[in-house]
Structure formats: C-alpha cells, structure tokens
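The sequence and the model are shown first.

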Amino acid sequence: MAESPAFESPVSTPYVSYGGVPIEPSGPGSPLTLQDHSSTTKFIVRAGSETNAFRQLSTPFATSRTEDGVLIAGQRPDEWFLVGREQAVRALAGRLDRTGHVSLIDGTHGRAMFRLTGAGSALVLEKLCGLDWNDHMTPDGAAVSGSVAKVTCDIVRNDLDGVPSYLISCDRSFGQYLFDVILDAGQEFGIQPL
Amino acid sequence: MLIVPCPNCGPRNAADLRYVGESRPRPDPNSASAKEWRAYLYERANPAGMLRETWYCRSGCRRYFVLERDTVSNEFTNPPTPVAKLGKRP
Amino acid sequence: MTRLPAQPGEVIDRSRPVDFTWNGQAMSGFAGDTVASALVAGGVRVVSRSMKYRRPRGYISNDYWDPNGLVQVGDEPNVRSAHRLIEPGMAVEAQNVWPSLERDLRAVTGLASRFLTAGFYYKTFMRPAWLWPTYEKVLATFSPGGRIDPDTPHRYHDKRYAHPDVVVAGGGPTGMAAALAAAGAGARVLLVEHCHRLGGHLLWGDEHDRALAAELAAAVETAGVEVLVDSTVAGRYEDNWTGIVQRSHPVAVERLVKARAKVLIVAPGLIERPYVFDGNDKPGVMLSGAVRRFVNMYAVRPGSAAVLFTANPDGDAAAIDLERAGAEVTVVDARRGEGIVRALGGSKGVEGVVLADGRRLDCDLLVTAAGWTAPTSLLNMSGDRPVYDEAAARFFPSVSIGNVLATGGLAGDGTLDELIEHAMATGRLAAARARAVSHRLQAATARAVPVNGEEPEWPVDERPDLARDPHPALFRSTTHGVVDFSEDVSSKDMVGAAAEGYDSVELLKRYTTATMGPSQGKLETVNTVAVLAEARGQTIAEVGTTVWRPPYAPVTMGALGGRLFEPVRVSSIHPWHEANGAVFMLAGQWIRPDHYGDPAGEALNTRQNVGIMDVTPLGKLDLRGPDVPQLLSHLYTNKWMKLAVGSVRYGIMCGEDGVILDDGVTGRIGDQHYMMTTTSSGAATVWEWAENWLQTEHPDWRVHVTPVTSGYTSINVAGPKSRTLVRRLVGDVDLDPEAFRYMQVRTATVAGIRDCFMWRIGFTGELSFELHVPAGHGLTVWEALLEAGEDLGIRPFGVECQRIMRLEKGHFIVGQDTDGLTKLPAVGMPHLLKLDKPDFAGKPELTWALDDTSTPVLVAIQPTDPSVVPDEASQIVRPGTDEIIGRITSSRMSPTLERSVCLGQVLPEVSRPGSELTVVMIDGRRITARVMEHHAHIDPEGERVRG
C-alpha cells in the first residue's frame, strides 16, 4: 500500500482542549501522555476453539502477548486483535491456518486506537470507566472490554518498560470524542498529548 | 448496582450487560397456536424467588448466557451457563 | 461580641480574619470559622424563620444537620451554615424571609395555621381543582428553600469510580481506628468524613480527646489510608455499590465517587436528640453538642446565663465547658428526676425556663442533653431494620450483614478505649472479609492475576459485644413542642394526626411530613416514634421506626449529574462538512449534515446532474462463514439461499411479534462473505439480534458477525450523471449498465484507494452508486469525487435532501413511516414475505397478520391543493367526524413535482387508489387529499434507478 495516500486519523490536529484552547503536544518523557495510534494496523481474527488457528494464536481470552512484534489480544472468547506494523501483522495473519470457520478482518480503518501511558494512567481510567484498574485485577497484559465514557472500548494493558500503559480502541466514529474526553479527564493529572 | 457473574469475563456491573429477561423456550413456529406463541412473546412468570434469566454481556465478551437469580435477595445461585459454548478458556 | 480568648482546641486561625456579609451587613470571623460560628460570634441569634409559622429560629444542633441553619450564599440556596466555612467576600443571607428576618409579617397573619395544618396537603389539595393556582401562590411563599438564580454559571462537577477493599463511613475515633486496623491488615481503605477534618466528637472534647484525635489522624495518614473529608457516603446499594459525594475537591465543585466496597464499615457515631417541650424551638435553645462545638472548636460563647438540662456525661461536660467560657450555669439533672417544662421568651429568643418543680429561672441559653439517635441509615440501606433498646433509649442494628459492619456508637457504648478496641477488631474483620471477597473476584475474573489456593474461609465475626449504657428515656416533657424543626411539625400535630387514624409510623410520617425535611429525620425520627407510641399507648419497640433511605445527606443535582458523557459520532468526512457550510443535525449519536444551505436545490441538482452524500452512519455488518444464507433467511422475511456472488438484495426484518424491526440491503461480496446494511439507528440492535439467534437457537450455524459501520466511509453518488463520474475514478470495474446492473455489488479501487466496494441501489430513486471506502481514506475519495465531478455540476447533499428524494420515490423509513405496531403486510410489499420458508423470525405472527384487515396500511398521499404540506403526524379522519382513521407519516414539498407529497398510514377501507381523505391540519383546518396508485410519486416503474 506504499502508493496509498496518508491515513486519515479520526483525531484531528492540532489538539484542542474542551475549553477550545489549542494544546501543544509534549515531547516523549512526559509523565502522563495520550497518543493517537489509529493508523496502526489492527486485524481482527475470529476463530472457534475447534480450529487450528485458535491453537496457533495460543492467547487465552482476556490476555495478550507479543509475537514477532505483533500484539495478540484475546478480546472475546473467539476473537483476537492483532496489532502492530502492517507487514508484521500481515505476516502473522498469513501464517494462521485458515481451515475451518476462521475469519480475518482488517479493523485498521474501523477502530480508533490510543495509547495512554504513565504512572497515573489508571487514575484517568478510573474517572471514565467502572472497571477495576488495580494491578491485581488488571495486570500488564490484561485484555478487557468495557464502557469508557459511555463508549464500548477494547483495552489492553501493555506496559512500556514497567510504566503502566493502556491501548484503548473504539469504533472509529467515536475517536475524536473519546480522545477529547480522555484528555479532559487527565487534565488534573497533567496529561499531555504526545 | 448489581454485580452479574459473566461466565467469561467474571463479575461485572449490571450496566455492562443487557438484561434480556426470563428465559423461555421458543415454540415450534410452524405448529404453535396463537395462544402458545403469544405466551412466548408476552407472558412472564415474574416470581418472587428463583428465576432463570438471560443476560447479554454487551460491553464485555458479547455472549448471551443464562443464570439463576433469587429475585428477592438478588443472589445468583447456580453457576451461569453460556448459551453458546464457544471458545471456553483453554 | 462573644468570641472567647484562645481556646486550646480551637480550629480557627486568628491570624487570618475573614470579612463577609450577613443580610448585607458587614461581618467578620476567622479562617476556619463556619458561617454559624462567625455569626454567633458576631452576636447573631436568629438565623432563619420556621417553615410554616415563621417563628424565629437559631442554631440548635450547630452541625451539618441543623434544621434552622439553612442559608443562601450568593446564588447557592440551602447552604448548611453550621458546616460551610466562611470565605472572604461571601454574601450570606437568610432564606425566604419577608420583609426581613427580624420581622416576618407572615408570622402574624395566621395564614399558616389556616393553610398548613398537619395533613393539609391531603385534606385540601383534592378539590376543587380550580383553586390550585391559589394554593400554589400561597404555598410558594412558605417554601422553605432558598432562591434559585437561573443565571447561575455552570460549574464543573466530576465523577470517578473506586474499588477499595474497605470503605469507612465516619472519621471519628472509631472510624479512624477501624480504617487503621484494616489498613494495617493489608486492606486498601477509603475513609470518608463529612466534616472538614477527622476527629469526630474528639474535636470538641477535652485535652485527652484532642490528643487522641491528632494521634489517630496522623496514624491514618502514614498508614496510606485514602481520606476524603467534607464528603458523605450518600448511599449504599446492591453489592456494596456506594455513592460518595466529595464536596470540596481541587478541580471540581463536587465529585461523585462511585465506590464498589468489598466491605463497608459504618461508623457515623451518634446524633444528639432534641427534647420536646413548649418553646423548644426558641433561639437560644441548643443541644449540648452544639454548645461544646461553639465553645471548644470556635471559641464562641453562645450565651452567658445558661440552664443545662442533662441526662448524660456529655451534657455534664457541656456545663464544664460553659463555665470555663465564663457563663453562669444552672444544671437541671434528669437523672435526679428534675425536668424542664417550658421555655420563655419573645421573638429575640429564650429568656427563661419553667422547671418541672414550678421554679422559673432566667437564662439566655437553654441547653438540653436528652439522649442519642443512632443514624442507622447506611445499615437500613443494606437491609437492616434496627430495633429499640429500652434501657439504652435508642435503636440498635438487628441483623448481621456480611459485608457491612457497624462500629462505634451504632454498635454500643463503653470507654473510648473499649470503643476503639471494637473498631480495631471491626477493621481487622473487614480486611479479612475483603480478602475473601477479593479472592473470589480475582479467581472469577478472566483478566485478573490468578490467585493461588482455596478461597479463604469467610471470617467469623468474633468481636466482643459492646456494652449498652443505660440512659433515661427522655422524649417529651409534660408540654407539647416542636418535633420536626425543618417541617414545623409539633407533637400536638402528631397526636392529632394519630387521632385521625394516621397511627402507623409510616402513615404519620407522610401525613404530617415529619422527618421528611432537609434534616431527613436525623434529629426527628426517634421523637416522632416516641410521640406516636405515647399517643397509641404503646412502647417505642412496638411502634417501630421508619426506614432511612438514600441519600444519607442531601445531594446536589450537580453531584448526581456528575460529569456528563454524551458520546457523538462523526464520519471521516466531518472536517470537510464543517469547512463547507454544512448545517448539522443530530441523528442518534451521529452528527450529520442536514443540508448545505438549500435542500430543495440539492434535490433538483441530484435529479438533473449528480450529487454525493456522506452515508457513513448506515449500519454495516460484515458476515462471514458457510451458513450466512441460513442466518439471512432467518432474519429477513424474504429468501436468501440463492443470492449470487456480486448481487445485492433488499430485505425487511421483523421481530418475533411480526413488527418491522429494520430494513436494508445485503450484498454477497465473496463466496462466504456478505455485507449487510441496516438503518443508521438500527445497527446495534440488529447486531445483537443476529448474535442472539446465532448463540441461542442456532449455535450450529457458522457465521461471524462483525460491525464495520465506521470501517467504511460510505458515499452515495446519485443522479443521471453518476455513472460518468464514477467511471472517472474507477478503472478496475466494468461499469457498463449491462455488466454492473442495478442491485449488484463489486469490489473496486476508487481514486487509487483499494479494497473499496460499491453497489447500485436507489434509495433516492436515481441512478446511484454507493461507494464504501476504507475509512482512513474516505476524505480523499470524497474530495476526488468533487474534483472529478466539477464539470458535471456535482453538489453534496444532506439528510434533508435524501428525505425529500426518497419520499418522492415512495420509499418508507422504518420508525418514521412504520411504528411499534406496523407488521410487514402493512407496507405493501407482499413479494418480501415468503411463508414457505421453514422458519424465520416472526413467521407465525406474519402468517396471521395476512388475515388482518383492521390495521392501517401504508399508502402514498397527495393533498388536493399542491401547495399545502400537512405536518407529519397530522391525523386523517372520517369526513365530517373526528374519528381517526389514519395519519400522515412523512410529508414534504417535492421540488421535482412542485407539489406536496406524503406517505401515510390509513385503515384498509380507505387505502384504495383514488380514495379521498380528510386531513386535519395542525391549526384545525381540514384539507382533502387523495390516495395514490403507487408509493412512488415519481418514476413508479423505476426506470431511473435501473438506468
């Protein structure tokens, strides 16, 4: 897809606060950040437990792991997200045994995705979502779905070098709303768009 | 808010699920009398006591399941039964 | 001035004076003062007027619950002045006084006694109804609340969730001790205190008490307990869902914390109960706790000549405090059989008291220490029904609730050490039980860290029972007095109501409104029960008590509203719409262009040239698997087993009741790959509907349903020149009318964007191509179309234009032209109902519906006068009568036909083409209209769409 035009993110830049004030993106190293990852390749695999693909994925429901640079997240008992660089995701998907009832859908365009990172990121999520974000209930690697600010989201806890980090994805059409709402909730903790 | 034991996700806030209602069998559409069909559509036992009911884990695993709840104490008794046995945890 | 010299336990900062106003008069206090302490320090005695009888009132309990202390602060009504701290420039006013606090004329008019006797609402409000406005006017003047300013600026309220192991309600000595013990046992603890600082009654106690308060508070801090002060556990709901209102917060006016407590510890302490006697509501009659708070915390002496009626050690302590403050104190000891009968004094407040032995004493402060009320609210909300203990003269919890534990005064009495020991045991028990709950939660939750070992045994409650101190049962003197200060209900009113037959406590409460005012029964409930027991000649235990329901303390609407989450959805073309003059509409959660300034012009242009519309909100479900045809055949009423690859079909879905649920087209893109479209608002419903069938009745069908609505930006290209336009951007599909026919689908590369699909359908009635473009390139394609179509006269069109065009074409919209009773046969598409299929959703009802000739059917209608457009929902009546026989469901002026066109539902008897109808316009005029032969007002043969 090298000749394709640039991917249009659901989140428009420059970032603007709820009050209408433009927000300057911060550099890396800020203690609490929100980054738009909507253009990241996201494949959805559907496969029942009777399939070879199910065994190949080897990622139980509600957990995630990384294989060859691709994050594999078990979001539903028969559904996984493959997230990563396009080539890597395609390569991994290409290795899946498609015999039986297995579906592969490119969710890149249909899902907005953000990364919330920082020691205080659970505090931000606590303002938006009723799930328990404590470490013992949602440890690194956990994959969970729930309502974030009234939008159903798929969330993977995917810490970066020991710093809590969450990949939050939702239906693309809600992307701008959700991005804004997370920034707003994080304001009291000094959140910065990255 | 009630906590509902989803068989896949675990205990979840009731707001994360959709309450489908009293579980009832669907009559044979080709032989059911109007009375039987409408009982299926509209009649509910609504007991003060044990009730088999269907829930849909809308924000979580997106599975329909059936469980038993005491409508007086709100206690869930039997472990929930996934309606479909798709992809149980290995 | 009655400000005392520095007191050892004072919480005011004398180095920081604070100026504010009281009814416009300049006042001054210190940082840390409540409005109440500052007012009393400034010599104010009367702060409000009673609700009905407009009697002057002063502080009685000097705490959050004080029924007489509600004031207006700026634009904020009903502020608890014995709780709210003063701030520089604060404008405090008395509420609902006329013309002034000192001289409320309604006090002498006698209006109240005529209008507001007990049971007035029930006796008078029934009839005659025409008197209502009069009642309202009179009653409005008695409304106890403050003034609402409609121009109050919006303030930010916040919300968060929490999942602590233990929530402790109450930050007094036992609450702090319980929190410490629980934290020490490894629990994550949230400690909630409704005052501004931890300490509870220790704060107004002696030196030893204050030292202990400081020690505990410091320990709580170092133990890592999360402390919320100036916060209230407002309610406890199913499975320990607790609502906590945090009144002061750095970033918000208030914050609602929704905490799922594994264990809730209830330690609110005890609330001092007023004593009922004649004149007990005169300014200067106070509870012992009120006096101790004034003197010890705020260094304010509320009177100089005090009579103290006491029945307990706390009352005795008030005497010591008052004497230290330089007041003369005469003690009337209930334990020695002494009593008080009547307070004397005029509008300025108490001047003396008559004792039971007939003596009269002069005083400007009459203090009572008559006993305690156990605020069991949170236990009530957990299912407890407290029982009365005669010896201790108060209610106690009756049942044991596994995850709700009471300690402190609710549980019993004893020395401070004994109470703290009980609280520590409670904290440890709570932590242990929370561990068991946590283990269960963690083990059952798929994503959680796995737990090792068996679930811990449910820890047994082995706390020793606290003793219960005997206390004289003091409720009412030999005279009648006020029981409910908020609602101005006297014991005499209650005795009268009981005599009228309202002699159950729940009835009496509603009839007299006692316990239903802003104090919520905190001060009044037990006296209400006691007065009723006396009237019935029964014991308090026999009468029982009312049930305290949420909230524990009044909650502002703002806190409940919290942070409003209102998700909105936009398509990837939204920024273009914004920049190009679109007028938006909200359709469900979608923000869509309604039009670009000229919907009729957009329609004409689309009929003559070419128009493009952003139809992204159209619901799209990706269906894959070998059994998709079975699913489609089950969901839709028509046949789907033989849909060829590359073909598209229209279908209608009905519920099991035969009522139309949704409609749309589904195309077969590949051998086992279909794309279903639904209405924009029906996408989620249809998805769950399909999953329901797949998971419950037909788990054997192998189908994967994936919502892809936003994955594709959908663009409808419509108009006679649409093929020319599409041909300019699509090179890999043969667009010849014979090669790519109406109701067919193709995958395509559009403007260089791969993996698009497009189909020929015709909702607008024009030749049209619906392009579905991967959303990350939707804007690119939209702009490419506009550029390539410039010479063809391309214009974007919005929802309104689409609505006009589809109505001209006679296409109905589910939910607009159908309703909750419309079954499939009513929409005149018999070819879509295939009863020879073995099964499909709603089959039996649809079979029976075919025989139904009594329900309305959908027809096209044209008013006789082409310039008249009847409003949607206008009724169609039988000529010469008001009998409704139908209604207009859609209506527009057709720019193409230059006349009004409608769809409507009418009874079958008037549904034949040519039938004349009478339509009632919104202004009452009646117009005639005619039923048309076809639903389509233009091109009934469909030549345009097939072009």
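This is a predicted model: local features need pLDDT of at least 70, side-chain atom pairs count only at pLDDT 80 or more; totals for chains, interfaces and linings use all residues.

Residues are numbered from 1 along each chain as its sequence is written, and chains are lettered from A and ligands numbered from 1 in the order in which they are written.

## Nonpolar cores

In soluble globular proteins, nonpolar side chains tend to be buried together. A residue is buried if 20 or more other C-beta atoms (placed from the backbone) lie within 10 Å of its own, exposed if 12 or fewer do, and partly exposed in between. A nonpolar core is a set of buried Ala, Val, Leu, Ile, Met, Phe, Trp, Tyr and Cys residues joined through C-beta atoms within 7 Å. The largest such core has 156 residues, and those with the most contacts inside it are C:Val166, C:Val168, C:Ala178, C:Ala179, C:Ile265 and C:Ala430. Helix α11(C) gives the most to this core, with ten residues. Helices (H or I, at least four residues) and strands (E, at least two) are DSSP runs, numbered from the N terminus. A second, separate core of 87 residues includes C:Val615, C:Ile652, C:Met675 and C:Leu771.

Two residues are in contact if their C-beta atoms, placed from the backbone, lie within 7 Å.

## Helix packing

Two packed helices are described by the angle between their axes and the distance between the axes. Axes are lines fitted to C-alpha atoms, for helices over the stretch in contact, and angles run from 0 to 180 degrees between N-to-C directions.

| Helix pair | Angle | Axis distance |
|---|---|---|
| α6 (173–184) and α11 (416–444) of chain C | about 40° | 7 Å |
| α18 (599–608) and α23 (799–809) of chain C | about 60° | 8 Å |

The contact between α18(C) and α23(C) is made by C:Pro599, C:Glu602, C:Ala603 and C:Thr606 on one side and C:Glu800, C:Cys801, C:Ile804 and C:Met805 on the other. Where α6(C) meets α11(C), the residues involved include C:Ala178 and C:Ala179 from α6(C) and C:Ala430 from α11(C).

## Chain B

Chain B has one helix and six strands, arranged along the sequence as β-β-β-α-β-β-β. Of its 90 residues, 30% are buried. Among its contacts between residues at least 6 apart in sequence, 44% join residues at least 24 apart. Towards chain A, 13 residues of chain B are in contact with twelve residues of chain A.

## Backbone features

B:Asn46 has a positive phi of about 45° although it is not a glycine. This residue lies in the loop between α1 (34–42) and β4 (50–56) of chain B and is exposed, with 9 other C-beta atoms within 10 Å. C:Ala299 has a positive phi near 55° and is likewise not a glycine. C:Ala299 sits in the loop between α8 (288–298) and β18 (305–310) of chain C and is buried, with 24 other C-beta atoms within 10 Å.

The peptide bond from C:Pro550 to C:Pro551 is cis, with omega near -5°. C:Pro551 belongs to the loop between α15 (540–543) and α16 (557–561) of chain C.
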